[in-house]
Amino acid sequence: MQYYLKIFGCQMNYSDTERIETILTKYKMKKAASIEAANLIVFVTCGVRQSAENRVYGQINNLRKKYPKKKIILTGCLAHRKDVQRRLKGKVDLFCEINNFPKNILKFFQNSKFKIKNSSCDASLKDYLEIKPHYTNKYTAYVPVMTGCNNFCSYCVVPYARGREYSRLAQNILKEAKSLVKKGCKEIVLLGQNVNSYNSKLQKGEAISFPKLLRLIENLPEKFWITFLTSHPKDMNDELIKMIAQSKKICEYISLPAQSGDNEILRKMNRHYTIAHYKNLIKKIRKAYDSRSHLEWTRGETSNRITPAISTDIIVGFPGETKKQFENTAKLFREMKFDMAYINQYSPRPETAAWKLKDNVSKKEKVRREKFLTEILKKTALENNKKYIRKVVEVLADNAVRPHSSLAARSDRLKYMGHTRTQKKVLFFSNKKIPVGSFVKVKITKAKAFGLEGELL
Ligand code: SF4
């Protein structure tokens with residue numbers, strides 16, 4: 001029996017998929033090399049935008065026509081929606097919310113006469129986050145610390161699709177991180193819809209906030225990097241900023257979704273902060289990281305001063321967003337000089353508060369606004385990246401460039417892809433072979449808007 005996974009959406013979905021793989025493997029299923037070879041296809045879906053949803057409908061319809069006998073499971077953010085279930089009735093064999101996956105898959109296997117072997121999978125496991133994942137990447141691992149959300153931003157499906165906030169026990173996260181580091185993992189990416197509201201306990205009962213959790217992970221031995229996403233501007237506090245400023249392992253990369261640069265739109269989005277607050281936060285973060293990088297530099301621990309990279313998420317064309325209000329977002333982009341931005345055109349999502357508002361910004365205007373912001377982003381990101389030229393940065397080597405790829409054709413030397421602590425992709429050239437998953441020093445020679453090039457030192 002073989003399975004094939006189709007994954008849509010964010011890192012959280014990729015992390016969930018690593019747990020799904022563990023479950024399927026425990027039932028002695030094997031990963032298929034192609035859809036054709038698979039008996040079971042699992043769709044891990046995303047409901048954040050209509051376009052992602054439409055891709056799921058299109059692919060399931062095509063697959064069902066082509067392969068009437070294959071089993072299809074739909075999980076992730078669309079699984080609970082009755083309208084989705086109605087629309088795909090007869091095409092999907094099981095709709096299964098992610099936290100019920102262990103229990104439901106067992107029932108499904110039993111009922112569908114799948115020839116599954118005995119498994120050590122605990123189907124009664126209440127907390128799917130405690131399933132040991134089948135890590136896709138040995139060196140960069142996703143570790144969810146919490147899931148769900150209590151914020152109810154007016155456009156967002158997460159509180160409906162994933163439910164209210166739930167934090168994993170700190171000792172379980174710590175155990176997972178410890179085991180990863182011991183096995184040679186070099187980067188731990190802590191995931192949560194709103195990591196700042198992480199709140200749990202250690203076995204002895206001590207309350208653990210997100211900064212405290214970071215401290216516990218940071219204190220693990222060995223060299224590794226820590227990244228986390230996503231933060232909510234209303235919840236990012238001085239304690240966290242102080243913590244990251246003191247840490248050597250926490251990377252200089254912050255994902256801080258602004259969503260809009262206009263106070264009235266932020267109010268309609270139910271975001272609970274103002275643009276003045278957002279700007280002040282970025283100022284504080286940059287200052288805090290700056291003092292730390294300077295310290296490391298003067299101690300000679302890194303050969304250059306690293307400026308933190310800031311990434312944001314933006315929605316353009318929220319109901320009623322006027323040209324003037326959009327211009328405030330463009331102004332925010334120019335002022336904040338983001339390194340990365342995920343710019344999305346608003347699409348109404350069932351169940352959310354904004355679903356009832358008139359989606360009155362035309363598609364053409366949304367496209368224009370998205371392009372407009374992308375152009376500003378390209379300029380600011382390039383400007384930021386140019387500061388890396390002639391500097392030596394630490395890079396985690398992700399993979400060797402395959403000899404026949406277009407990147408490889410540009411030189412006879414060995415080429416690798418990696419990334420910096422600021423999550424900048426780096427293509428670097430080397431005269432010697434280096435192990436993937438190692439930290440190396442690279443002298444940057446070229447900067448593009450979304451990447452760097454350099455030479456291995
Ligand atoms: S904070 Fe808002 S946008 Fe983020 S997951 Fe929660 S409801 Fe969605």
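1. Some ground rules come first. In this predicted model, local features need pLDDT of at least 70 and side-chain atom pairs count only at pLDDT 80 or more, while totals for chains, interfaces and linings use all residues. Residues are numbered from 1 along each chain as its sequence is written.

2. The chain is divided into domain 1 (2-111), domain 2 (137-251), domain 3 (262-387) and domain 4 (392-456), with bounds that come from an automatic or database domain assignment. The centres of domain 2 and domain 3, taken over C-alpha atoms, are separated by 22 Å.

3. Between these two domains, 14 residues of domain 2 are in contact with 23 residues of domain 3, where contact is counted if the C-beta atoms of two residues, placed from the backbone, lie within 7 Å. On the side of domain 2 that touches domain 3, the largest share, 4 residues, comes from helix H8 (residues 238-246). By class, that side of domain 2 has 11 nonpolar, 1 polar and 2 charged residues; here Ala, Val, Leu, Ile, Met, Phe, Trp, Tyr, Cys and Pro count as nonpolar, Asp, Glu, Lys and Arg as charged, and the others, Gly among them, as polar. Helices (H or I, at least four residues) and strands (E, at least two) are DSSP runs, numbered from the N terminus.

4. Helix H7 (residues 210-218) packs with H8 at an angle of about 20°, and their axes are 9 Å apart; axes are lines fitted to C-alpha atoms, for helices over the stretch in contact, and angles run from 0 to 180 degrees between N-to-C directions. H7 and H8 are therefore roughly parallel to each other, a label for angles under 35 degrees, whereas those over 145 count as roughly antiparallel, 65 to 115 as roughly perpendicular and the rest as oblique. H7 passes H8 in a left-handed crossing, a term used if the near helix is turned anticlockwise from the far one by less than a right angle, with right-handed used if clockwise. Phe-210, Pro-211, Leu-214 and Arg-215 of H7 make the contact with Glu-239, Leu-240 and Met-243 of H8, which gives 5 nonpolar, no polar and 2 charged residues.

5. On helix H6 (residues 170-182), the axis comes within 10 Å of that of H7 and crosses it at roughly 30°, which makes H6 roughly parallel to H7. H6 passes H7 in a right-handed crossing. The residues in contact are Ala-170, Ile-173, Leu-174 and Ala-177 of H6 and Leu-213, Leu-216 and Ile-217 of H7, and by class they are 7 nonpolar, no polar and no charged.

6. Helix H11 (residues 323-336) and helix H12 (residues 363-386) pack at an angle of about 15°, with axes 9 Å apart, and H11 is therefore roughly parallel to H12. Their crossing is right-handed. Phe-326, Thr-329, Ala-330, Phe-333 and Arg-334 in H11 meet Arg-369, Phe-372, Leu-373, Ile-376 and Leu-377 in H12, a contact with 7 nonpolar, 1 polar and 2 charged residues.

7. Around the ligand stand Cys-149, Asn-151, Phe-152, Cys-153, Cys-156, Val-158, Pro-159, Gln-193, Asn-194 and His-232, each counted if its C-beta atom, placed from the backbone, lies within 6 Å of the molecule. This shell has 6 nonpolar, 4 polar and no charged residues.

8. Two backbone details deserve a look. Most residues other than glycine have a negative phi, and most peptide bonds are trans. Phe-152, although not a glycine, has a positive phi of about 50°, and lies in the loop between strand E7 (146-147) and helix H5 (158-161). The peptide bond from Leu-229 to Thr-230 is cis, with omega near 5°, and Thr-230 lies in the loop between strand E12 (225-229) and H8.
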